[in-house]
Each structure stands twice: as structure tokens, then as C-alpha cells.
Amino acid sequence: MSLIFKQLFERESCTYTYLIADSDSKEAAIVDAVDIMIDRDTALLKELDLDLKFIIETHIHADHITSACPLKKFYPKAKIVIGMENVDAEACSDIMAGEGHILSIGNYDITAIETPGHTLGCMSYKIGNKILTGDALFIRSTGRCDFQGGSAISLYESIHKLFKFPDTTEVYPAHDYNGLSVSTIGEEKKFNSMIRESFDQQTFIKNVNNLKLSMPKKIKVSVPANQSCGLVTTIN
């Protein structure tokens, strides 16, 4: 028995997609899949002879469109999973996950963790010693909090929930813009520029408020499309 764990990168939005599978049962889950990379992802699933069981979204993305619904054309039995607070996507989701929800692939369990703050319905997912932190906790940084129900107070609480895991727990974010791929809870508690363990809530809120970020270029297209799990409607 062994875990298949693939970290895949999409260059335009600097998004990490994760492919997780049990090598014995061949059951698989994909996390934060990107529409323009569907050929890569389906080819890898086929090459490894995997059966896609879950298509997991950590949140409603603003910078790219998910390939959740398009993937179901290849794997019609796969279940789309999204956080239960993402009510705008409820119609296209198969599972609305909350705190502690378990998604099983073969001999492995993927456990949902509610980590709101970047957006209202942000989720993280833990498997073994690995946490996929979505847009909540980045490597040496955090997600922004200025759209889609974001809240710096909520994000502070969410990340401190993650900080309760052992220091050796591996951190895999949904994005990285600096060429980094993995960290640990211990490293982020010491070195994160936004929310290291020694920073109080007010310091974190000040750090978030000092971010001068433009809106994602694709937000007006991506958010509505992702509320439909990647179904893009063309109006003639």
C-alpha cells in the first residue's frame, strides 16, 4: 500500500493542482484542477490507470476557472466536493463538505478542515502528514481577504487552527509565486511574513490591510464560472 501524491503546476495563475490516489485500489482525488490543464490531468489519470472518485475545490477561485464539471465528462461517477459555505455552487456540487468530513480513497482518508478568511467558504484538506491549505496559508505568506466574504479576523483564526498540527506537518498551498513548492507548519510558525506564531491578531490584520493588490484579471469571468463548477455559458 502506498500513496500517490502529485503536485502539478499551472503557470498563468501560478496554481498548484494536487492528484492524490491509493496505489492499490486506484481510487483518486484531484484538488483545484484548472480548466486549461485538463488534457494534462486526464492524460496522467489514464497513464497511472486511476479512477477519479473526487474532484475537490478548496474555494471559489477568482483567478482561474476550474475543470470540475468538464472532468465529469471523462469520469461521470466522480463527485464534485466544495465547502458547505459556498452556497452559490451548491447546485453543481455533489458533496458540500464541512469540518471533519472524510473523503475516502482506498485505504486513505482525506479530512476536510474549514479555513475561512480568504473567502467565506475556504477549505483545507489533510491526508496523512500533508495539509493542502488552499488560499488560506501560503509558503511565507497568506491569502488576501478583500473579496468574496473575506475576513482577516476569520483567516487569523483559521491559520491558528492549522498551527495546532504538529510542526512536521507538510504544507501544500494552492498557489506559489516565488518558486516554492512545500513547507511545514513549523516553518510557517517561525518564518511566515504575514502570520508567524509570535504575531497577534492586530498585527496580522495590519499586515493584510497593508497589502496593495489589484483585483485578479479574470475575476469577473472566473467567479461566475466557478459558481457553476466550471461550466461556462456562452451567450449568442
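Two strands are taken to pair if DSSP finds at least two bridges between them, and the strands themselves (E, at least two residues) are, like the helices (H or I, at least four residues), DSSP runs numbered from the N terminus. The structure is a predicted model, in which local features need pLDDT of at least 70 and side-chain atom pairs count only at pLDDT 80 or more, while totals for chains, interfaces and linings use all residues. Residues are numbered from 1 along each chain as its sequence is written, and side-chain values use heavy atoms, with hydrogens and water left out.

Strand β9 (residues 123-127) pairs in the antiparallel sense with β10 (residues 130-134) over three bridges, and Lys126 stands opposite Ile131 of β10. These two strands form a hairpin with two residues between them, and Gly128 in the turn has a positive phi of about 60 degrees. Strand β8 (residues 108-114) is also joined to β9 in the antiparallel sense, here over four bridges, with Met123 of β9 as the bridge partner of Glu114. Of the five residues of β9, four are buried, that is, under 20% relative accessible area with a 1.4 Å probe and protein chains only.

How values were computed:
Buried means under 20% relative accessible area, exposed over 50%, partly exposed in between (1.4 Å probe, protein chains only).
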